[in-house]
Amino acid sequence: MADSRRYRVGYALLPKKQQSFIQDSLVSLCRDRGIDLVPIDLRRPLIDQGPFDCLLHKLYGDDWSRQLDDFRRYYPDATVIDSPESISRLHNRISMLQVRIHVVVSVVAARFGIPKQIVIYDKETLSDSRSWDLLKFPVIAKPLIADGSAKSHKMSLIFNHDGLDKLKPPIVLQEFVNHGGVIFKVYVVGDYVQCVKRKSLPDVIPGSISSESSMPFSQVSNITTPQRNNDDDDDDDMMQLDGTEMPPQSFVVDLARGLRSATKLHLFNFDVIRDSTRENKYLVIDINYFPGYAKMPGYERVLIDFLWDVVSERKRTTVDQMAVAAVTTTAAGGNRPAAAAVGVEENGVSPRQQVMLGCEDEAVRNIAVTNSGCSTSTDNCIDGEDQKEKSPILQV
Ligand SMILES: Nc1ncnc2c1ncn2[C@@H]1O[C@H](COP(=O)(O)OP(=O)(O)OP(=O)(O)O)[C@@H](O)[C@H]1O
Ligand SMILES: O=P(O)(O)O[C@H]1[C@H](O)[C@@H](O)[C@H](OP(=O)(O)O)[C@@H](OP(=O)(O)O)[C@H]1O
């Protein structure tokens, strides 16, 4: 029998993200599938705008976290994608890549790791060469915090120690790895995985370094997405992208699944580069929550299928809960209301826990990083596979 119920999916996004993500094509395809996409009015309390079957969100700050907490308490049956605790792990470039220790990739054709990196919290530590002398120049200086602000995307390629002078801690210093000027962006939407190529920073050729000690840059892969036109530079970019071999699909999928389970996130992308000096060696350099999905070919279908799975799974779970609750009621011989129907705990598991898509309320570990910390590996990267045997890059 056709499902005639309509589902409400609320979305709370910043205006720029809303504009790129909520396209007419997405809205109308959702509508045809029985899903109404409802914008959250950020001037009104979230709790007043429910109920929703599902809530999508990408907002920052304590006020939003509090509103979400209230919402989750008030509407325990709503599926919140994703849990704020899991998302916040990506707001710090150290905890972001720390998840690699939980990722096991079984594909043998390729290996993965992260670049060697340290975190520096203050100017004093920055001026002490012992803090960074385990790193090889060039390095990339990245703001520690990745909170979506323009500031958090401002980076510098640092060619020598003079280039460190201008930096403002807290920062992450990460070894620059030559990778042929092409980055792989892997978009994940639940179980769906799609890898695309984008232009990246060009290789640094030893000996050809300019007289400058540093070079600032910001959002390289966003501003240089090449379009096919008559411009020579764009044609060169396009040829370079076309000529770059993709990583093995099974490896990408394995890595995506591993990261998905380690981060407990459903909507994210991650950036991977292929180390030019080491065969089949890939390095994860960045993980972004709720990325620019509209740049992913055919994103509407992918998102609709995902949302449908979420709302219909939610319906199934609720039905299952009612069945369990009914059995419990009968077995006890009493007339307690069905747990799922009222959203209270049954057998120690609340309906919300069952519908949070595996996003347990795990607190993000507090990062107690020493002023700087660094791996003792002689390589320019830390492996994901055998990381447990090696000394941790940072003490978290
Ligand atoms: N370790 C590295 N080695 C070589 N190139 C790197 C490295 N880290 C970053 N890059 C280059 O710098 C760019 C920006 O880095 P990163 O992805 O960490 O920044 P971001 O501001 O978080 O980016 P995004 O816009 O994808 O969120 C990458 O796309 C890549 O071109
Ligand atoms: O808004 P913040 O938190 O800064 O996150 C950005 C990510 O860092 C970028 O990776 C996204 O672009 P890509 O989808 O091209 O990776 C980018 O997507 P956008 O083009 O929709 O802004 C953002 O999601």
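Predicted model: local features only at pLDDT ≥ 70, side-chain atom pairs only at ≥ 80, totals over all residues.

Q: Why is K264 called buried?
A: Buried means under 20% relative accessible area. K264 has 18% relative accessibility, so K264 counts as buried.

Q: What makes the phi of Q219 worth a note?
A: The value is positive, near 45 degrees, in a residue other than glycine. Q219 sits in the loop between β12 (214–218) and α8 (220–223).

Q: What is the phi of K264, and where is this residue placed?
A: Phi is about 60 degrees, a positive value, although K264 is not a glycine. The residue belongs to the loop between α10 (249–263) and β13 (267–274).

Q: How do you know that the peptide bond from G50 to P51 is cis?
A: Its omega is near 0 degrees. P51 is in the loop between β2 (35–39) and β3 (54–58).

Q: What makes the bond that joins F137 and P138 cis?
A: Omega is about 0 degrees there. P138 is located in the loop between α7 (129–132) and β7 (139–143).

Q: How do you know that the side chain of H153 makes a polar contact with ligand 1?
A: The cut-off for a pair of N or O atoms is 3.5 Å. An N or O atom in the H153 side chain is 2.6 Å from an oxygen atom of ligand 1, so the pair qualifies. R93 passes too, with a side-chain N or O atom 3.0 Å from a ligand 1 oxygen. For Q219 the corresponding distance is 3.1 Å.

Q: Which elements build the shell around ligand 1?
A: β7, β9 (171–175), β10, β13 and β14 (281–289) give two or more residues each. The largest share, three residues, is from β14. By class, the shell has ten nonpolar, six polar and six charged residues.

Q: What makes K16 a polar contact of ligand 2?
A: A side-chain N or O atom of K16 is 2.8 Å from an oxygen atom of ligand 2. That is within 3.5 Å, so the pair counts. H153 places a polar side-chain atom 2.6 Å from a ligand 2 oxygen. For the Y187 side chain the distance is 2.9 Å. On its own ligand 2 exposes 510 Å², of which the protein buries 87%.

Q: Why is ligand 2 said to lie between domain 1 and domain 2?
A: Domain 1 (1–81) and domain 2 (90–297 + 355–364) both give residues to its shell, so ligand 2 lies between them. Within the shell, α1 (15–21) and β10 (182–189) each supply at least two residues. The largest share, three residues, comes from α1.

Technical notes. Residues numbered from 1 in each chain as written. Chains lettered and ligands numbered in written order. Heavy atoms only, no water. Polar contact = N/O pair within 3.5 Å; in protein donor to acceptor, adjacent residues only side chain to side chain. Areas by Shrake-Rupley, 256 points an atom, 1.4 Å probe, with all protein chains shown as cover. Helix = DSSP H or I, 4+ residues; strand = E, 2+ residues; numbered from the N terminus. Domains from an automatic or database assignment. Buried < 20%, exposed > 50% of the residue type's maximum accessible area, 1.4 Å probe, protein only. Nonpolar A, V, L, I, M, F, W, Y, C, P; charged D, E, K, R; others polar.
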